[in-house]
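Let's take a friendly walk through a protein model, starting with a helix and then turning to pairs of charged side chains. Keep the 3D view open as you read.

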Amino acid sequence: MSITRVLTFSFSGIDPVPVEVQVQITRGLPAFVIVGLADKAVTESRERVRAALVSMGIALPPKRILVNLAPADILKEGTHYDLPIALGILCAMDIIPEEELMHYAALGELSLDGAIGSVNGVISAAIGAATEERGLICPNDQGSEALLGGDIDILAPSSLSVLLQHFTGKQILSKPEFMPLPSFVKDPDLSEVKGMEGAKRALEIAAAGGHSMLMIGPPGAGKSMLAARLPSLLPDLTSQQSLAVTRIYSSAGLLPNSAPIIRPPFRSPHHSASQVAITGGGAKVKPGEISLAHHGILFLDEFPEFARNALESLRQPLETGNISIARATSHITYPAHFQLIAAMNPCRCGYLGDTERECHRVPKCKEEYTRKISGPLLDRIDLITNIEPIHPKDIVNVASGEKSEIVARRVKAARGKQLTRQNMLNNEININHIHLDQDVAQMVEKASLQLKLSARGITRLLRVARTISDLALKDDIDIPSVAEALTFRQR
C-alpha cells in the first residue's frame, strides 16, 4: 500500500510548475488508472508505458495501478509525463530503489520499444529542478539543452532500459556535453543596398535605440530588402537574453539542435496570420510571433493587410514587453520585448502620387487601405519614414554604401553609451530621465503643438532624439538631433 513519488513539471507559459507523480499498486481487479486532470495525451501514456515495459521483459502486475498527478486542480498536458509515470511504476514494483529517484525530476516521451523521445520545455524543467535542488532526467538528444538551465546533475538516457541499468549500477551514464554552436548563415549586408541614404539612416537609428519603425513606399522600393538587413546591424544577445529566448523556443518545440540562440531572432509572419498566431494562445496555449521575436525583430510586411484585431493586439506588448493570455482555464504571461518593423504601400494600388500609374480611385484607394491602422497604434511607432525608389540609372552607376560591420560598430558604441548611462536602451527610457536645455525644450514644445503630438508621441520623439545624439557620441540632446527626430514623427 506504499506510494512512490516522482517529480516532474507542468508549464505555465515558460514557467515550470512542480507536479508530483504518485503511484500506488494495490490488490483488486487489474486496472491502470491515471487521475489528476490529465488530458488525452497523458491518459494515452498508459499504453505507451505498458508497451515500453513489455519491450524490456517487464509485465505489469495483475493488480490495480493508480497514478495521481498532484496537484489535481492543474490541467496536465503533453507526453512528457510518460517517463515519470514509468519510473514511478518501476519504483513501486521495487525494480528501481526509491532513494535513487528522490534526487531527480524527470520528463520524456516513451516509444513502444522503450526509447525516450524529445519533449518541449526541457530548459524550463532544468531551471525548475535547480530550484527544487534536484537533478533532471531527460531525453538523450536534449541533454545539452538541459545543461543551459543550470549547474545540476543531468541524466540523458536514450531508452528506459539504459536508465534502469544506470540505477541498478550495471552501466553508469556520463554527464552530457554542450552541443557546439551551429554555423550561422551570414545576414544580408547593408552595402548591397544602393542609394536610399535616408532609409539606411533610419534603419541605423532604429538599430541603435531598439526603436519600432514603419516604412512607407511603392512596390519594389526596397522596404523588405532593408528590413532583412537590420539583423546584420545588431549585436549578439547577452547571456541572459540568450537564455530567455532559448527557453521560449524550447517551450514551443522550435529548438531542434538543442543549441542556445545567440543572435536576435527575426520573425516575419505572413499577413494572413491570425491574432492567436501573432500574440499566442490557442486550445493548447503556445507562444505567438511576438514572443518568438523576444529580444529580436518582428517584421510585418504589407502592414495594413493584417487583420485589424491582430494589429491592435500589438499595442499593449509594445508598451509593456510582455503578453498576458487570459483563458477560462488559465492565465499565462509570455515575454514579448520585440522591435516592430513594418512596411506598407502608400495606398492599395501602391502608386499614390505617381500620375502615370496611380489608379482612378485616389484618394479613396488610400483611405480603404490604411483604415486598419489606428491612431493609437501609429502613436506607438517611433520612426515613420518614406522610402523613395532608386532611379533605374542609379542602380548601375551609384557605388555601394557602407558595409554592415561598419554601421554595426556605430550601433554597438551607441548602445554601449545607453547601457552605461541608464542600463537599458533608449526605446524604454522614461521622459523624466531625459535632460533638455532650455532652447531644446522650447523647440520640442513648439513642434509638439504644431504636429499635435500626444504625451506618448513627445516621449517617443525624445527617445529617438536621444539615440541620434548617442550615435553622434554627444552627451546631451541638441537642436539638430531633435530636428532630425521630428522628420520621423510626421505621418
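Helix 7 (residues 160–167) is largely enclosed by the rest of the structure, because six of its eight residues are buried. Here buried means under 20% relative accessible area, exposed means over 50%, and partly exposed lies in between, computed with a 1.4 Å probe on protein chains only. The buried residues of helix 7 are Leu160, Val162, Leu163, Leu164, His166 and Phe167. After helix 7 comes glycine 169, which has a positive phi near 80°. Helices are DSSP runs of H or I with at least four residues, numbered from the N terminus.

A word on where this comes from: the model is predicted, so local features need pLDDT of at least 70 and side-chain atom pairs count only at pLDDT 80 or more, while totals for chains, interfaces and linings use all residues. Residues are numbered from 1 along each chain as its sequence is written, and side-chain values use heavy atoms, leaving out hydrogens and water.

Now to the charged pairs. Side chains of opposite charge can pair when their charged atoms come close. A salt bridge is counted when a side-chain nitrogen of Lys or Arg lies within 4 Å of a carboxyl oxygen of Asp or Glu. How many salt bridges does this rule give? The count comes to 26. Here are three of them:

| Glutamate 47 | Arginine 50 | 3.7 Å |

Glutamate 204 is buried, at 7% relative accessibility, whereas arginine 410 is partly exposed at 28%.

Arginine 456 is partly exposed at 30%, and glutamate 319 is partly exposed at 39%. Both belong to a network of salt bridges that also includes Asp379, Arg380, Asp382, Arg460 and Arg489.

Glutamate 47 and arginine 50 are three residues apart in helix 2 (residues 45–55), so about one helical turn separates them. An α-helix has 3.6 residues a turn, so residues three or four places apart point the same way. Glutamate 47 is partly exposed at 48%, and arginine 50 is partly exposed at 34%.

Technical notes:
Helix = DSSP H or I, 4+ residues; strand = E, 2+ residues; numbered from the N terminus.
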